[in-house]
Amino acid sequence: MRNIIVTSMLALLPFGATDARAHAFLDHAEPRVGSTVQTAPRELSLSFTQDLEPAFSGAEVRDANGTRVDQGKAKISGSSIHLGLKPLSPGTYRVQWHALSVDTHTTEGSFSFQVGH
Amino acid sequence: MSRFMLRSLALALLIASAPVSAAFAHCFVGGRFFPAMLATDDPCVADEMSLPTVQYNSANPSGREHDAGIDFAKRITDNFGIVVSSTWTRVGPPADDGTNGPLAYGFQNLVTTAQFQLLKDAQHELALLAGVIFNWGGSGAAGVGAAPWSTITPTVYFGKGFGDLPDGAGFLRAFAVTGQVGYEIPTTSLDLVSGSPVPQNLLWGTSLQFSMPYLKSSVVDLGLPDFINHLIPIVEAQFTAPVANNFGNDFVITGTVNPGVIWVGSYFQVGVEAVIPINRSSGTSIGAVAQLHLYLDDIFPTSIGQPLFGSSTPTKSMVMR
């Protein structure tokens, strides 16, 4: 059994290893994750560790009442998502994102930021 | 080329030609990532390989034990997977023995595990897994303690992240716990060599982990150095208690507590833990374990990183908006 496993692994090495890509993790967000900003941002920017499939990636922003405060469809280019925001009043906002990296791995997450407190 | 080689090559080609699909692969549950652990198991089926896990083990009171192991986990379907584990052991004389050279070396019994994913609740970062561990008696070397009898251990595993706590919980949301409970049933009730009963054991383990990646991406980005943001400090614990057919033996719970840290990358992780025995029956000094763990679904995303049959299930959030 041990020999079968080792031999199979060695035989697999030529397949697929060169196009290795990985799950898309959120690398950076603007406004920053968990931050408080004094001026209401006009746009949300999310940067990921891998390139994204635009058709299956996106984000939305909601206020404390659950009302969407983004302007709809996000612009997705390479490893970044940009999403326009409506004028934000002081308060807490929650970002929900989902990403499909170009090798079909899915990830998702959420975080909050505050305006003006 | 031998029949054995042809069989192996055919298996490799079958794996390599598996269809590309939306993959969740290693242990993501919502925004939470549960890393592979060194002493206990994470609560997900996966395409992963630990190569190697090396351990200095003080749990063998008759000598100093060094282990080198490999674990290979493969999804058969999206929710069903197998794990094959093999460990090579070298037992040397005790530190105060004053002699040189190994006392014994060889493989432990081969261990295979069948696992089924019962639940992945993204919103509550909750995962449940059921498994059956088969320890194949007689497949290892008796000189390093491999039993001539087999054991079967039905086991349940769970993982729970605390990211669903209110925002006010702050750093607590980066914590997660995992656990597993199994009942080990040997295929014999009597050790014919020693004449003593072979007990049925309750095996349980747990981990408490603090995810710096989760802290940065879901709680608060503190602007820490990138290396720090890839760390998951962790404390694992594992215990064994004889609960049946233990006539004439002392009732002793053995186990270890393992504090350590895991560095998580995109394609692999590296973990290091101390192994602290909970009593003298569990070991006489502190050991250590280290592991290089490969994410096969990320290294081979279009071949071995896919389930053998069927496709991975896209999550609701993948629906086009």
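**Strand pairing and a cavity**

Biologist: Which residue stands opposite G91(A) in β8(A)?
Modeller: V115(A) in β8(A) stands opposite G91(A). This is a predicted model, where local features need pLDDT of at least 70, side-chain atom pairs need 80 or more, and totals for chains, interfaces and linings use all residues. Residues are numbered from 1 along each chain, chains are lettered from A and ligands numbered from 1 as written, and side-chain values use heavy atoms, without hydrogens or water.

Biologist: In what sense do β7 and β8 of chain A pair?
Modeller: Strand β7 of chain A, residues 91–100, pairs with β8 of chain A, residues 106–115, in the antiparallel sense over 10 bridges. Strands are DSSP E runs of at least two residues, and a pair needs at least two bridges.

Biologist: Which strands form the open sheet, and in what order?
Modeller: In chain A, 4 strands form the open sheet, ordered β2-β8-β7-β4, with mixed pairing. Because β2 (36–37) and β4 (58–63) of chain A each have a single partner strand, they stand at the edges, and one side of each is left without a neighbour in the sheet.

Biologist: Changing topic, how many cavities of 30 Å³ or more are there?
Modeller: There is 1, with about 30 Å³ of space in the largest cavity. A cavity is a set of points on a 1 Å grid where a 1.4 Å probe fits but cannot get out; its volume is the space filled by probe spheres on the joined points.

Biologist: Which residues line the largest cavity?
Modeller: Its lining (an atom within 4 Å of a point) includes L26(A), H28(A), K216(B) and D221(B). The elements that give two or more residues are β1 (26–30) of chain A and α2 (212–219) of chain B, a helix (an H or I run of at least four residues).

Biologist: Which element gives the largest share?
Modeller: The largest share, 4 residues, comes from β1(A).

Notes: 1 Å grid on protein atoms, 1.4 Å probe; cavity = no way out; pocket = protein on both sides within 12 Å on 5 of 7 lines; lining within 4 Å.
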